[in-house]
Amino acid sequence: MIPALERAVELAIGAMLVGLALWSVLVRPRFASIVGFVVFGLLLMLAWMRLGAPDVAMTEGAIGSGLAGFLLLSAAARLRCSEIRRARIGAGEPQRARDRSPRRSSIVALGVGCAAVAAALAAAVAALPHPAPSLAPAALERLPELGIGNPVSGVLIGFRALDTLVEKIVLVVALVGVWGLAAEASWRRAPSVDPSPEIEPIRFLARALPPVGIVLAIYLLWRGATEPGGAFPAGAILAAMAVLVLAAGLGRLPPTAARSLRLAICAGPLVFLGVGGLGMGVARGFLDYPAGFEVLSIKLIEVLLTGSVAVVLLLLVAGPPEEAASANGMRRPEPPL
Amino acid sequence: MSAIVPGPGGAALLFALAVPLAMLAACLRASCRPAIFRCLGLAALPALLAALVDVGPDAIVVDPAGLQLTLGLDRPRAILLGATALLWSVAGWYAPTYHRREGRGGLDDRDGGSLAIAWLACLAGCIGVFIAGDLVSFYAFFALASLPAYGLVIHDRSAAARRAAGIYLLLAIIGEAFLLLGFVLLAKGSPDASLRISTVVAALPEAALRSQAVLFLLLGLGMKAGLVPLHFWLPLAHPAAPMPASAVLSGALIKTGIIGLIVMLPFGAATASAGVGAAGAAAVVGQSASGAIAQWASAWSAAIVAIGFITAFAGAGLGFVQSNPKTILAYSSVSQMGLIVAILGAGLAPAAATDSTNGPGESIRLVASCAALHHALVKGALFLGLGVIAATGHRRRRAAGVAMALLALSLAGLPLTGGALAKLAAKPIFGAGIAGALAFGSAVASALLMTRFVSALASIVGPTRSATAPIGLALPWWILAVGAFIVPWIVLPSATEVPRGAAFAPGALWDGLWPVILGALLAEGIRRSRTPLPRIPEGDIVVPLERDLPRLTAAAEGFAGALDAATRSWRGGGIALLGVLVGLIALALVGLLRG
Amino acid sequence: MSALAASVGTPSTAGAPLIVGLVALPMAAALAAVLLRRRAASAAVLLSAPILVGLAFAAAAMVLSTGSPIECVLGAWKPPLGIVLRADGLGTAMMVVTATIASAVALFAAATERRGAAMRGTAPGSSLNDAGATPGPADPPPGDHSGGPAEAGGEADGGGERQPDAAPERASATFWVLLASVWGALNLTFIANDLFTLFVALELLTFAAVPLVCLAGTPPALRAALRYLLLAMAGSMLYLLGVALVYGSLGALDLSLIAELIAPGTDSAPRGVLLLALVLATTGMLVKTALVPLHAWLPPAHAGAPPQASALLSALVVKGSWFVILRLWLTLGEVPGGRTVAFALAALGAVAILFGSATALRQRSLKLLVAWSTVAQIGYLFVAFPALVAAAAPTLATEALRGGMLQAISHAFAKAAMFLAAGLLVERAGRDRIDALGGAFRRMPIIFAAFAIGGLSLMGLPPSGGFWAKWLLLQATIGVGAWWLALTILAGGVLAGAYLLRVLRACGAEAPADLGADRAVVAAPAAAIAPDRLRTAIVLGLALVSMFLGFAAMVPAERCGVRRLLRSEPITQLDRPIEVLPPPSTPHGAAEAAP
Amino acid sequence: MTAFLLVAAVAVLLTVAGALVRVVRGPTTSDRMMGAQLIGTGGIAALLLAGTASRLNSTSDVALVLAILAPFAMVAFRRYAAATQAAASRERRLEIDAGAPGAAPPQGGA
Amino acid sequence: MSVVAALLDGWTVLLVCAGIGFFVAGTTGMLRFPDAATRLHALTKADNLGVGLVVLGLLPQVARPAEGFKLLVIWALVLLASAVSSQLVARVATDGPPIEEDRNGRTAPAASGTPLDRSGSVGAGAQP
């Protein structure tokens, strides 16, 4: 009975995921699309849990439906405001309307094409060897050399440390790219998450939740060595807490030029790179950890990475520094009429 | 990279190339340009010198074990190099005076600087083409000769010059493309990594893609040589350029196409492989193979002869209806190149090369290059002479006029001229059949055209009735004109199997004379009868092309614009991505099922 | 202990620190540039540039001299569990190219900044790349918002440095981070031997390239950047799907291991799945490479960026994803059915050549023309694929590979030169219209020459690298019987000549008189905007490298080991087998643990 | 017990799936958000049930992450609603007294 | 052990079933109630009591006390979230329905009457 039940749950989650994804793509109101996306993220978390990947589930929850949902709603608000403004001015309206309504035939063609790709993928997945070849046993076998118990962390920070390192640099570069969107005049100023106009309940939340969040983040980081968790989910939760505080108007971001801010951004990847480079001298090669100090090095890197991830994610959500215009368009100045 | 250390011959070649290139480099400084322009005549002298010394075909070989990049001269190439170098040199001395008198050229070329740049680049390319012994350097120098000529054509900056230059450059680029393909095909047949022309041409008859190779070579080189129907740039470009530039364009530059055909057509292919077949043990196999090669060679021979004569007659006919003497001369160049190509084509036939003392194919090459030499000098002299006549008053034109007439008729084979010698040398190649008759007809046609040219000379208006041409124009021209009469008499008898005396034989004299008379009479008859001549614009077929091309390009642009617009929208981009994905997956499926 | 553990040691080859440095140093420089103040940031990147050039050349020399790739095992974890960086001939060649071009661009950017700082007092905003237009409505900030974030900026900044008309430090500071990131990402792409590391490297490349696109900050640039970002993300997804399929079927991500696992004779690999994976990953990368019809993001993106960013994007960034496709096809291309897909890729390449060139011909803006020319030139990179997978003809495959690599390299140099030259031309002319370039030939002949030389290299004139690339590509395409491809290559050359001609004509024309007043407004005093020597030298140097790249590739290719440099590793036999994966169905650990 | 907990998890999940209907049908944005919220809560419950059933420790960590981020979307939603309403009312006011400049945008919280 | 275990299991079954009941009720209310304000009631019931009863029911089943503590923390967090979000939703609902664009991306309110138009018509386009 239980296998049948599990199968049923898998099917149900799968069907909901596909349906929700389709709906989110096809539904016209932007807001509905975003809510669909957030719910999709929630269901995806369940799916990842079902697949036995709690690390991925955690990251998906924190990034996919948490921070991304916040970001998307902020963007939607901004777009919405400019649309409302344009609607009054009345410029370019009919053309936009035409642009946005695709012909039925092209929708059908797209659907057929996507279905064909999906069918090919399904056929390929069905043709994969069974049981699938896996490196998991090999990873487990060599895990003790790193002195940690969580194989996912082992892969991330040990066996494939290079990938992790480059991913973190990607984050930093993405942040620089976002800052690059700033207007010349506001470059180097402080980015901001504008406080919500309705602050009492939010302010309460922003006072109550962050302590718990910080504890949770530390807990996840600490657990990451042996159990699912680690730098990325911990960083994401810290970032979410910080966003909450900013949205409640309880704090303000430093300017992007601030040295401490930049140090926080770069510390994780730089130390990672430095420890990795040290490996060329004192260990068996680049990105190898000195014998006897594996756990220490890994902990150091993880802690700093958590900080960097948190700051970078927070700043990514906050967006480019803007002068006299808010991230969600609430206080954008009037265009001249 | 190892190169055979150049001997004296190699040094001469390098010097010949280096002088124009060094002058070109000096032109980078604007202050040097006027001086360089005044010394333009110097640039080609080292090349003339190199043509006179015995350089040898392998004067410089880079990478002898591999690509075999070669510079050198054999006799046909030396002959043409010498003739064109003489022309370049004379025209170079002529140019400053002409430029000063005419005062033409764009606003930015009061000192002749841009003319000098184009001239020197072209000259270097032209010299290089004659001394290149491998495909790559030939291609490089061919491009160097072709593309800067744009500057010569456009020099006047008039509307006609712009149009002519645009068409010229476009055709030159297309020609380069064909040539590249032809060369790649030639190289594919090469037995080893060598790109030496002699090696790849020897291997050509047995290459798998030999016909395609010859076709693309003909397209690429024929475009430069002005073969119908790719000739139309020529009657546009030559008249548009300033006079000395026309002279080198018509006299020297189109010879780069001719020299390409001379060195790259597989003369004596069938003979050579027949010899191998007879000597080899498997005679039957060898003979059947050589039979196939002979068949292939004779088919191409017939095709090239046909192209040549069509070009010869079409050039003459189209030229006859023109009135601008420069245009007539340009068409005459088309016609003459047709004749030379016909000689080459006839030589390609298996029978043509059997009784040669110079080795298979060599005699054909020599005859063709001698004919080209004659044309280069005469045509150069005719163009320069036009400038001299234009600078001379009506009263003082007599001597110049007579010389021009003689030069012109020399192209038709007037006895005792170089033209007659060239005809005599070509006669055995054409034989007595259809080809011989056509050759005779082409002489008549040339005479017709040249008579027309001489009568058109009268329409040129001089500055005053009694003006005399400045010495800077007259002297170079006279040198070239005299050279055009004398040089063939020096070169031809030694290069070909025509003894000097043969030209004085009464039969030969008569044979040479009466086509000229016939042509002249015909021309006079047409003039007298006042038959209205059809009005064909310069550049004949390019005119309808120019009219229809916009429609064609508009269609293409419409397509490109539609594709652009379709992919530019967000949705279009998405559909394109999906389409590529689905298409590739479908093709993968097809490939999977098939393989 | 298992065989896996027994192989612990230092299996990296001698040059391992070199290639680690090539990856780690630019990334460290990027992070340092984030951390440091503006001057110091550019200094960090500029200081690391010569080191990186040295490392790249040293790595290339080492590969050349030993004839085997440099390998570096990261950590002590060999594949299949860990990652190996592997610099073979292809990778080192590309790293050398990247190092050369990136440092040239860095110098150029530094000179531009110094220039900009020097002339900002006299002519604010006269150069286009200074135009840091705000993305939103550019209104004066309302005065009544108290406590806004605007005031917060003052405290952390050095005080007096920030005036309203201060240097465009946003673009500058961002540029240095991005330059170093692009550099590191490219180097990692060229030496990563692991499918997932390739993915990560490409992510870094994309995330560095997108901000480069919108460095100018103009609305069109932002639109282009957004489109680029989203399409590239879709491409990443497809690539990742392909990687997942490969891992699911083989249990390996290391390319050498994959090659071993699918070598002929091993039956376990599900070839259909691998083909689908190949198609998916290729399509994903095609988006980033901007092959038609997935090109739409490229022209506005490349044309809208400042010159130094355009040069990086066009010369190097698109080559990164192309290189991944090349690696994939060298590893997986011979699965059954791959040939059909390869022909489809070549067909898309052919469309790209024709369509891109034709569209370039229609552009009115100089930078757009150059950008569309990139679309066309990308097509050439794919023309080689059918011959590349011709397993039966290793010579052809080698020719195709060499042709493709040469095309990538020579296009990189030529396009870098052209974009930088275009930037200087536009800066001087004051606006980005081809019609407005009149007089450029007279006023900035060297920049003009650099642009022309780059263009000639694109056209494929010897001795440029483009010529040899075309030569080899023609050999390869004709070898697989794809005449249509060969003719397309030629047509592309002709069209390239045509669009180049348009620019050259405009530059050669006199400055239009009616523009005089206009220019007086736009342009600062001539001395202020005359291109300085350093930038001119950089542009000319890049152009000359592209023109004489042919020599480097030509002669030594046969003798001095460049052929070996460009050779494909025979994929069925590794130089030093790393480790053979246990048969996929019996996981190693399980087998060990069972008894 | 395990079976019961699993069945319970499925039951919660299926029940909560009903909230999907609210997400899809709306009609107002608040309705969609409430549907999402219910799905999140239900997901937490289902995770706890299934995790206890399978004795997987990490499940509660995941649920913890989910729980701490649950109000996050609501805060974002409030900001969205406030911003759009403010923009709309500002536009309307501007329409009413057309041309009157300096209609200061409502600045809640500042 | 048996009696205690059975009792604990019974406690679990009882409370979990009750929790499911609240979830069912919440969902039903979510679907059947007429407008946003009333649906808010349904949501809070499921949030507060549904999760709470499940957590309480699971307490006897956890392996370690720490796990139980975690469960309680989760419940507390859900309660907090629920309280705050119901406040926020209610505020949105009273401020007037947030504006959702119609099918063509045009703004509805420019045409429709007062800002406090609570008819829900602006969101009607959302129905698929």
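Colleague: Why is C:Trp297 called buried?

Modeller: This is a predicted model. In it, C:Trp297 has a relative accessible area of 1%. Buried means under 20%, so C:Trp297 is buried.

Colleague: What makes C:Tyr228 buried or exposed?

Modeller: The relative accessible area of C:Tyr228 is 3%. The cut-off for buried is under 20%, so C:Tyr228 is buried.

Colleague: Why is the pair of B:Trp88 and B:Trp119 called edge-to-face?

Modeller: The ring centres of B:Trp88 and B:Trp119 are 5.2 Å apart, and the planes are at 85°. Pairing needs centres within 6.5 Å, and edge-to-face needs planes over 60 degrees apart. Both hold, so B:Trp88 and B:Trp119 form an edge-to-face pair.

Colleague: Which parts of chain B does the pair link?

Modeller: B:Trp88 is in helix H4 (residues 75-102), and B:Trp119 is in helix H5 (residues 113-131). They are 31 residues apart. B:Trp88 and B:Trp119 are buried.

Colleague: What makes the aromatic pair of C:Tyr228 and C:Trp297 stacked?

Modeller: The planes of C:Tyr228 and C:Trp297 have 10° between them, at 4.0 Å centre to centre. Stacked means planes under 30 degrees apart, so the pair is stacked. C:Tyr228 is in helix H7 (residues 219-250) of chain C. C:Trp297 is in the loop between helix H9 (271-289) and helix H10 (298-304), 69 residues apart from C:Tyr228.

Colleague: How do you know that the charged end of B:Lys224 sits over the ring of B:Phe142?

Modeller: The charged end of B:Lys224 is 5.9 Å from the ring centre of B:Phe142. The distance limit is within 6 Å, and the charge must also lie within 35 degrees of the ring normal. B:Lys224 is listed as sitting over that ring.

Technical notes. Residues are numbered from 1 along each chain as its sequence is written. Chains are lettered from A and ligands numbered from 1 in the order in which they are written. This is a predicted model: local features need pLDDT of at least 70, side-chain atom pairs count only at pLDDT 80 or more; totals for chains, interfaces and linings use all residues. Side-chain values use heavy atoms; hydrogens and water are left out. Rings of Phe, Tyr and Trp (its six-membered ring) pair if their centres lie within 6.5 Å; planes under 30 degrees apart count as stacked, over 60 as edge-to-face and the rest as tilted. Helices (H or I, at least four residues) and strands (E, at least two) are DSSP runs, numbered from the N terminus. Buried means under 20% relative accessible area, exposed over 50%, partly exposed in between (1.4 Å probe, protein chains only).
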